[in-house]
Amino acid sequence: MALSSDVPAGATRAVRLMGEELVAWRSAAGAVQVWEDRCPHRGMRLSYGFVRGERLACLYHGWEYGTGASCQRIPAHPDLTVPASIKVQAWQVAEAGGLIWAGRDAGAPPTLPERSPLASLSIRCAPARFLATIGSGDGPMVSTTRGGVSLHLGWHQSADDEFMLHAAVDTGTDRTAALAVLRSLRSDLEAEMAA
Amino acid sequence: MSLEPAVRDQWYTLGALADFPTGTARRRLLSTDIVITRIGELISVTAAGDALPVRTDYGHLWTTLGTPERALFDMPEVRESDRRHVHCGAVHVRASGLRLIENFLDLAHFPYVHTDILGSEERPEVARYEVEQRRDVDELWATKCEFFQPRAAAAAEGGQISRYMYRVVNPFNVMLYKTPPTAPNRWDVIALFVQPVEPDLSIAHPYMLVIDDTSTDAQLIGFQQMIFLQDKIVLENQRPRLLPLQPGRETPTRADLSSVLYRRWLKEKSLTWGTEERSDRAA
């Protein structure tokens with residue numbers, strides 16, 4: 001659902017997944033979590049919040065959520081022991097191959113060689129066309145070689161006719177050349193859609 | 001679309017009177033097109049050719065699509081001669097008007113949304129306050145609210161414990177009373193008149209009746225607009241945009257007493273316009 005480099009320590013990132021709004025965030029110590037982008041208190045999007053150490057604080061009222069997505073602090077009531085029932089909806093999360101992977105009721109996380117994150121691009125394209133061109137492959141990522149450059153592609157569908165493509169490369173790859181190949185791949189897909 | 005009585009039979013503002021010069025203007029209220037025609041002091045308001053009731057109180061134009069049980073609410077402070085009457089503009093907000101009212105009633109966000117102005121992250125505690133449904137006038141009141149504010153108003157020179165009262169006069173109109181920095185024995189009045197345009201689109205018309213001899217109008221308006229634009233960021237990013245009334249959808253705490261009472265009051269009125277569809281009730 002994102003490149004590992006899209007979510008540096010201390011940052012949040014809003015991600016749309018099949019119309020659902022999610023937030024990925026990375027703690028100061030480097031742990032990534034993926035949650036519903038909605039504070040259970042008043043529905044504020046948590047991607048607008050601030051990472052404070054190992055917690056994510058909501059912008060609206062400063063409620064802080066930690067590991068396991070449970071609320072640790074309600075600033076309006078400093079003496080309150082926060083009930084364990086106050087939790088954000090959390091997704092399973094893993095990092096592999098330069099990407100962040102999220103799932104619900106998903107099996108074991110993908111096992112992938114270490115790769116270098118390149119770039120994420122949004123592509124306006126119908127699902128059938130996208131999958132026919134990229135190819136669904138055997139594993140979680142598809143590898144394609146164009147113009148002598150190998151791209152390793154992960155993706156998720158963000159909306160009805162929009163995909164986010166997350167590209168990683170083998171270490172030592174010429175990144176400028178790889179970016180040009182990635183952009184031409186997008187142009188081809190979008191041109192086919194327009195035709 | 002048919003409107004339930006709880007929203008149809010209420011008074012709504014269409015904006016400040018000054019925003020309706022001689023001629024014809026078009027507005028939208030409760031998903032209905034409205035035409036306003038002004039000739040001199042004479043103002044008529046119509047929807048689909050039908051004339052609607054008109055009021056011109058508190059510097060604003062008011063109308064209704066139904067037959068309100070009560071006269072337009074009274075704001076006695078408007079008759080106190082030493083108050084400044086300040087219109088703070090019209091702000092479009094992509095959210096339910098009910099969310100706007102609820103945010104206006106909220107103290108706990110001051111340190112986080114209006115940081116170092118209406119609240120400080122060092123002092124975020126919300127002390128217990130009192131809420132009351134006044135059934136004789138069908139209003140909600142929150143009283144004995146206190147909060148530490150680093151810069152409570154345009155004329156503030158330092159931090160103070162501000163005292164607040166809130167008065168909800170109908171589902172889309174609310175006012176707060178707070179201690180002015182320059183006259184601690186009086187109450188400033190800040191009203192928020194909400195024009196519900198669509199269920200998830202509103203226009204906020206903040207209006208102040210304040211005691212302040214020093215600030216210019218531009219300073220007063222600038223302060224209020226700064227505060228309101230900070231609120232707008234939150235209001236447009238709450239999910240869902242419509243107010244959820246279904247138990248368990250959101251999580252109130254003691255600081256949210258006024259929100260709890262407000263939502264209970266809306267349910268008691270069977271109000272659904274601007275609220276999230278419920279899955280726990282038969283349609």
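This is a predicted model: local features need pLDDT of at least 70, side-chain atom pairs count only at pLDDT 80 or more; totals for chains, interfaces and linings use all residues.
**Entry 1: the model**

**Entry 2: where chain A meets chain B**
I looked up the contact between the chains. Chain B brings 18 residues to the contact, and chain A brings 19 residues. I counted two residues as in contact if their C-beta atoms lie within 7 Å. Next I asked which element of chain B gives the largest share of the side that touches chain A. I found helix H3 of chain B, residues 110–113, with three residues. Then I sorted the chain B side by residue type. Nine residues are nonpolar, five are polar and four are charged.

**Entry 3: two domains in chain B**
I turned to the domain assignment of chain B. It lists domain 1 as 5–63 and domain 2 as 79–268. I noted 25 Å between the centres of the two domains, taken over C-alpha atoms. I then looked up their contact. On one side stand 15 residues of domain 1 of chain B, and on the other 13 residues of domain 2 of chain B.

Which elements give two or more residues to the domain 1 side? I found helix H1 (5–8), strand E1 (12–16) and E2 of chain B. E1(B) gives the most, with five residues. By type, the domain 1 side has eight nonpolar residues, six polar and one charged.

**Entry 4: a sheet in chain B**
I traced a sheet in chain B next. It is open, has four strands, and runs in the order E2-E3-E4-E5 with antiparallel pairing. Why do strand E2 (23–29) and strand E5 (50–52) of chain B each have one side without a neighbour in the sheet? Both stand at the edges and each has a single partner strand, so one side is left without a neighbour. I also noted the twist, which averages 35° from one strand to the next.

I stayed with one pair in this sheet. Strand E4 of chain B, residues 42–47, is joined to E5(B) by three bridges, and the two run antiparallel. I picked out B:Thr46, whose bridge partner in E5(B) is B:Ala51.

**Entry 5: a hairpin in chain A**
I finished in chain A. Strand E3 (residues 20–26) and strand E4 (residues 32–36) of chain A run antiparallel, joined by five bridges. I checked A:Arg26 and found it opposite A:Val32 in E4(A). E3(A) and E4(A) form a hairpin, with five residues between them. In the turn I noted A:Gly30, which has a positive phi of about 105°.

Methods
Residues are numbered from 1 along each chain as its sequence is written. Chains are lettered from A and ligands numbered from 1 in the order in which they are written. Ala, Val, Leu, Ile, Met, Phe, Trp, Tyr, Cys and Pro count as nonpolar, Asp, Glu, Lys and Arg as charged, and the others, Gly among them, as polar. Two strands pair if DSSP finds at least two bridges between them. Axes are lines fitted to C-alpha atoms, for helices over the stretch in contact, and angles run from 0 to 180 degrees between N-to-C directions. Domain bounds come from an automatic or database domain assignment.
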